[in-house]
Amino acid sequence: MKKNNNAQRIGQLSAVAAMMLAGSVHAADAFSSDSEWMTGDWGGERTKLIEQGIDIKMDYVGEVGGNLHGGYNNDKTARYSDQFGLGVALDLQKLWGWDNTQAKIQLTNRNGENISNDRVGDPRAGTLSSSQEVYGRGHMVRLTQLWIKHQFFDNKLDVKAGYFGEGEDFNTFPCEFQNLAFCGSQVGNWATNIWYNWPVSQAAIRVKYNINDELYAQIGAYNQNPSQLEHGNGFKLSGSGTKGTVLPVELVWSPNPNGLPGEYRVGYYKSTADADDVREDVNGFDAATTGDAYRTHSSKHGYWFVAQQQLTSHNGDKSRGLSIAANATFHDKDTNFIDNYQSVMFVYKGPFDARPKDDFGIGAARIHVNDDVKKNAELLNVSNGVSDYDNPVFAPIRETEYNYEINYGFHVTNWLTVRPNLQYITHPGGVDEVDNALVAGLKIQSTF
């Protein structure tokens, strides 16, 4: 029954995509290829609302992943996951005369399943990345953004407060690939259980100071509350369950060499919540051997680097050309499951004159498991008297997972992009015994 329902969802997704494609051909008012919204301008009412300071946001992301070869379970199938977003951005200066003040409310709903969970990775270990980045954080509606922002001193100082996630402002990165290792804030993917990416929000404040037109510094404070991850807590605004505070700080430089945009970020985070050691017990010995509780640290920390730079233009058109991007994160080796991650991506926008808004992307990522995590698993297996990987009690030894993706983004209309892709995952979950996996993906992004 579950497989039939899943196949039905995939069929529905394909039908929706086909209708969207047909609508773009006929260029009806609600499906005009020149409009930035699928539902059009509502007879001009939408533009009027924006002029008044009310910008309604409606969007959709759907992703399909199918295992073509390899993985832990090579029984071929496909999985579908999606995300619907509904929100409103408010210009409070236009609405109420509040100078230099903006606000936003955003709801998010996620659904579906992930091919990485039950085909690519060993269920005892999972995978480190995900072939469908939009999957996760429960099948439920969440309050993702509820904030107000104000600029002071001729826009030098920018203060934002309310409920939102760290990756919205710190370690930010676009999400044009389908594999999670190339999509969005990477610190949130690898800083175990402290940094919550979209669609989870936390009580937060962020203060940014614009040093000049190209350089700014910012610092934030985010409530670290694991209970907000629980099903049914998508609208939780109370502080019950708080464990500590995540404190990120970042310096951002945005140069434009030869008129080509770039952005470079370097940052550091610290969590004030208690964190368990990944190997040692309270006396500094191997907990897997002694059976004693793992020692507790009073905090955990890490840092990151992000670089994005457009390298070329296309026949003088700076909206087209080759760009490079790189990410690296490093984490506390005493307490964090992943101790380091690196990736590099190349994207060419407008590769063909006949399709100037399409894009072609290729990326590679390395995710390394903390050596102490590996040693802890080895000691657990010795303690349990198991050495056979196929024994259900065996703790898989995890080391390094590599993810690769190649994709092509068809800019069907200004409101619809369809991005088929191929992904190759080496040592899924960092487990050498799991076969390398080839995954076919399809990502659909639409703005209603």
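**Exercise 1. Which residues does Asn67 touch, not counting residues up to four places away in sequence?**

Step 1. Look around Asn67 for contacts (heavy atoms within 4.5 Å). Asn67 touches Asn73, Asn74, Asp75, Lys76, Thr77, Ile115, Arg119 and Leu438.

Step 2. Before going on, know your model: it is predicted, local features need pLDDT of at least 70, and side-chain atom pairs count only at pLDDT 80 or more, while totals for chains, interfaces and linings use all residues. Residues are numbered from 1 along each chain as its sequence is written, and side-chain values use heavy atoms, with hydrogens and water left out.

Step 3. Now place Asn67. This residue belongs to strand E1, residues 54–71; strands (E, at least two residues) and helices (H or I, at least four) are DSSP runs, numbered from the N terminus.

Step 4. Asn67 and Ile115 stand 48 residues apart in sequence, yet 7.1 Å separates them in space, C-alpha to C-alpha.

**Exercise 2. Which backbone oxygens lie 3.4 Å and 3.3 Å from a polar atom of the side chain of Asn67?**

Step 1. You are after polar contacts: pairs of N or O atoms within 3.5 Å, where within protein one must be able to donate a hydrogen and the other to accept it, and residues adjacent in sequence count only if both atoms are side-chain atoms.

Step 2. At 3.4 Å you find the backbone oxygen of Asn73. At 3.3 Å you find that of Asp75.

Step 3. Check the exposure of Asn67. With a relative accessible area of 4%, Asn67 counts as buried (buried is under 20%, exposed over 50%, partly exposed in between, with a 1.4 Å probe and protein chains only).

**Exercise 3. Is Glu250 buried or exposed, and what does its side chain reach at 3.0 Å?**

Step 1. Find Glu250 in strand E8, which covers residues 244–253.

Step 2. Glu250 is buried because its relative accessible area is 3%.

Step 3. Follow the side chain. At 3.0 Å, the side chain of Glu250 reaches the backbone nitrogen of Asn171. It also makes a polar contact of 2.8 Å with the side chain of Gln218.

Step 4. Widen the view: leaving out residues up to four places away in sequence, Glu250 touches several others, among them Asp169, Tyr216, Arg265 and Trp304.

**Exercise 4. Which cysteines form a disulfide, and is each one buried or partly exposed?**

Step 1. Search for a disulfide (a pair of cysteine sulfur atoms within 2.5 Å). The structure holds 1.

Step 2. The partners are Cys175 and Cys183, with their sulfur atoms 1.5 Å apart. Their link is left-handed, at -80° about the S-S bond.

Step 3. Cys175 is partly exposed, since its relative accessibility is 24%. Cys183, at 5%, is buried.

**Exercise 5. Which residue caps the N-terminal end of H7, and which residues of H7 are buried?**

Step 1. Helix H7 takes in residues 371–384, 14 residues in total.

Step 2. At the N-terminal end, Asn370 is the cap: one of its side-chain oxygens lies 3.0 Å from the backbone nitrogen of Asp372.

Step 3. The buried residues of H7 are Val373, Asn376, Ala377, Leu379 and Asn381. Their cover includes strand E10 (275–281), helix H6 (287–290), strand E11 (294–297) and strand E15 (359–369).

Key:
Expected span 1.5 Å × (residues − 1).
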